[in-house]
Amino acid sequence: MKNRLWLAMAAPLALATPVAFAQTPPTLAKDQAMPSLPPYPASPQVPLVEDHFGEKVSDPWRWLEADVRTDAKVAAWVQAQSAYTAAYLKQLPERAALEKRMKALIDYERFGLPQRRGASVFYSWNSGLMNQSQLLVRPADAPVGTKGRVLLDPNTWAKDGATALDAWAASDDGRLLAYSVQDGGSDWRTVKFVGVADGKPLADELKWVKFSGLAWLGNDALLYSRFAEPKEGQAFQALNYNQTVWLHRLGTPQSADQPVFATPDLPKRGHGASVSSDGRWVVITSSEGTDPVNTVHVARVTNGKIGPVTALIPDLKAQWDFVDGVGDQLWFVSGDGAPLKKIVRVDLSGSTPRFDTVVPESKDNLESVGIAGNRLFASYIHDAKSQVLAFDLDGKPAGAVSLPGIGSASGLSGRPGDRHAYLSFSSFTQPATVLALDPATAKTTPWEPVHLTFDPADFRVEQVFYPSKDGTKVPMFIVRRKDAKGPLPTLLYGYGGFNVALTPWFSAGFMTWIDSGGAFALANLRGGGEYGDAWHDAGRRDKKQNVFDDFIAAGEWLIANGVTPRHGLAIEGGSNGGLLIGAVTNQRPDLFAAASPAVGVMDMLRFDQFTAGRYWVDDYGYPEKEADWRVLRRYSPYHNVRSGVDYPAILVTTADTDDRVVPGHSFKYTAALQTAAIGPKPHLIRIETRAGHGSGKPIDKQIEETADVQAFLAHFTGLTPRP
């Protein structure tokens with residue numbers, strides 16, 4: 001299991017007590033005077049100084065780490081900050097046009113990746129502006145264009161649209177469906193069940209599920225992972241330890257579930273269970289953090305019963321991602337001795353397992369593998385773009401899968417022996433499209449056509465390779481309208497961490513900026529997974545500064561090469577990318593006109609004290625170790641705000657139910673910004689209610705948030721949205 005950080009977007013609060021501003025803020029050039037802002041809401045400092053390895057460190061806003069749901073002082077601070085920010089954003093003249101364009105761009109019919117089980121096909125569907133996508137089912141042999149029957153409609157689950165359908169999985173015979181419910185953006189899930197034929201819910205319900213898959217064992221039992229119920233009031237902040245894999249048999253209470261695998265002597269380890277498509281093997285992978293290294297345990301299934309669990313890969317030394325199994329043969333993506341990864345087959349028919357490399361490591365990073373029909377389909381990343389190659393089960397090359405263009409292929413849906421499979425493909429100018437894949441020929445055709453509200457031919461995408469500070473060549477995509485002239489206000493986005501590769505994908509939010517007359521740039525920074533383990537290693541722990549240098553160099557390149565004017569560069573990133581934005585703003589405040597760090601990790605000295613934060617030590621290091629602490633101290637956004645230097649305009653975004661990167665990170669960082677003498681531009685925070693780290697956010701909140709953030713960024717980069 002990989003508990004990796006992902007980007008998120010925050011959305012607006014509806015608050016009373018508007019703040020009056022002296023005038024509508026004008027679009028500013030560098031030499032124009034800022035209108036005077038009313039004083040920021042008070043952020044009282046409570047003296048607190050700690051000694052870390054001989055250095056005194058002040059943390060006067062530690063009180064803002066408390067849970068907004070239970071602490072009246074934090075709740076009052078949130079209310080005041082939100083009212084102040086809402087009043088400011090409301091007056092931005094760019095906002096109305098951006099909201100209208102975002103709404104139009106996201107209003108298209110969307111289909112999720114189908115899953116075939118029994119005689120049915122299951123898939124998510126959204127008509128365009130539904131807050132949450134529905135789950136539909138239709139006969140597997142139905143022709144293209146057949147509208148499925150609504151099996152689940154999350155839009156009926158909550159009045160505010162903030163309760164979402166998360167994961168779902170149909171039983172092998174397609175008669176039952178297990179699904180997890182996400183409420184208010186939290187990482188906690190509740191698993192429920194429904195009959196497919198009549199849509200009637202079952203009584204079974206599983207609670208305190210987090211970071212879990214849903215693996216059916218036959219047609220009447222489910223494997224899942226959960227933690228113990230947290231103490232009262234600690235659900236959104238307490239650290240998560242002792243995850244256990246459980247077996248639930250339908251028709252029994254959760255209290256009767258059987259523990260299948262746990263490591264109480266190693267409480268930091270998390271565990272996820274899979275079942276081979278033929279139901280013969282349970283495969284359990286375990287990890288301690290976000291590093292792509294794990295152990296593997298297996299158990300034979302006989303007559304629906306799980307046999308003894310035995311170690312197949314006992315040590316945390318390399319990546320071993322389970323693909324699928326046929327009989328006593330299991331396939332894995334392995335990083336053992338292969339930084340760019342290879343495909344390994346394990347034969348369990350003998351007294352000892354036999355390991356054979358069937359597809360050796362290549363020059364490109366192997367991202368994922370699936371089995372459909374009698375072939376392996378391997379998705380590689382070549383210079384931050386997807387390429388899918390087919391192999392037979394022994395590893396013999398069988399050609400390349402035809403893709404619609406340069407973009408990202410993901411999520412192979414198929415099983416050994418199937419005659420049908422599916423892929424999802426997207427690009428900067430093409431929303432996610434389901435491709436029907438013929439496993440025998442490796443050819444693809446659109447499964448259901450996507451009808452857009454814009455013409456992808458109106459835009460151009462280019463890829464450049466620019467030099468970072470140390471000379472390393474870093475890839476960057478640049479997207480603009482073909483009719484755009486001259487340097488344009490540019491939104492630069494980055495992540496750079498946790499071995500996550502950012503390949504081209506469609507975002508209605510980013511397209512709103514582009515179609516409004518701006519340019520969008522995506523830098524594939526070190527720390528990500530674009531070029532395998534070496535690229536990841538070059539941007540983490542004591543080498544984290546390389547990520548910031550790569551991003552700063554991207555901004556300098558965009559200005560030097562006429563993509564954006566000197567004072568027209570905005571920057572954005574979420575989660576680990578929020579940390580990135582905070583760090584580079586501290587290091588080069590002169591380079592950027594505006595910045596928006598979303599749900600960022602801003603206090604690098606205490607990130608491991610909350611919820612999933614302990615997992616991140618693989619990328620960031622251990623704050624309790626002096627060598628790591630000194631690296632973290634040098635770039636921690638909260639601790640390095642520099643008084644006496646003019647900063648760009650900053651809009652911080654977070655959400656009250658973010659229990660992955662707790663909002664205290666953003667609260668403390670904002671208090672530090674607003675207290676420091678960093679110039680006249682606004683430094684604001686936008687706090688969403690009933691939202692978390694990003695997933696499950698309803699469409700209306702996404703639209704509102706995009707309009708707010710992009711209006712703010714547009715205002716300070718000189719972008720005037722096209723009519």
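User: Two strands pair if DSSP finds at least two bridges between them; which residue in β36 is the bridge partner of Leu-491?
Analyst: Welcome to a predicted model, in which local features need pLDDT of at least 70, side-chain atom pairs count only at pLDDT 80 or more, and totals for chains, interfaces and linings use all residues. Residues are numbered from 1 along each chain as its sequence is written, and side-chain values use heavy atoms, leaving out hydrogens and water. Strands (DSSP E runs of at least two residues) and helices (H or I, at least four) are numbered from the N terminus, and β35 pairs with β36 (residues 519–523) in the parallel sense over 4 bridges. Within that pairing, the partner of Leu-491 in β36 is Phe-520.

User: Which strands are the edges of the open sheet?
Analyst: The sheet has 8 strands with mixed pairing, in the order β33-β34-β36-β35-β37-β38-β39-β40. Those that pair on one side only are the edges: β33 (459–467) and β40 (683–688).

User: What angle does helix α10 make with β39?
Analyst: Helix α10 (residues 699–717) packs on the sheet and touches β35, β37, β38, β39 and β40, where contact means heavy atoms within 4.5 Å. Using lines fitted to C-alpha atoms (for helices, over the stretch in contact), with N-to-C angles from 0 to 180 degrees, the direction of α10 makes with that of β39 an angle of about 165 degrees.

User: In β34, which residue is the bridge partner of Val-464?
Analyst: β33 and β34 (residues 473–481) run in the antiparallel sense, paired over 9 bridges. Their hairpin has 5 residues between the strands, and Gly-471 there takes a positive phi near 95 degrees. Across the pair, Val-464 has as its partner Met-476.

User: Is Ser-575 buried or exposed?
Analyst: Ser-575 lies in the loop between β37 (569–574) and α6 (576–587), and its phi is positive, near 65 degrees, though Ser-575 is not a glycine. Most residues other than glycine have a negative phi. Buried means under 20% relative accessible area, exposed over 50%, and partly exposed in between (1.4 Å probe, protein chains only). At 0% relative accessibility, Ser-575 is therefore buried.

Technical notes: Pairing = 2+ DSSP bridges.
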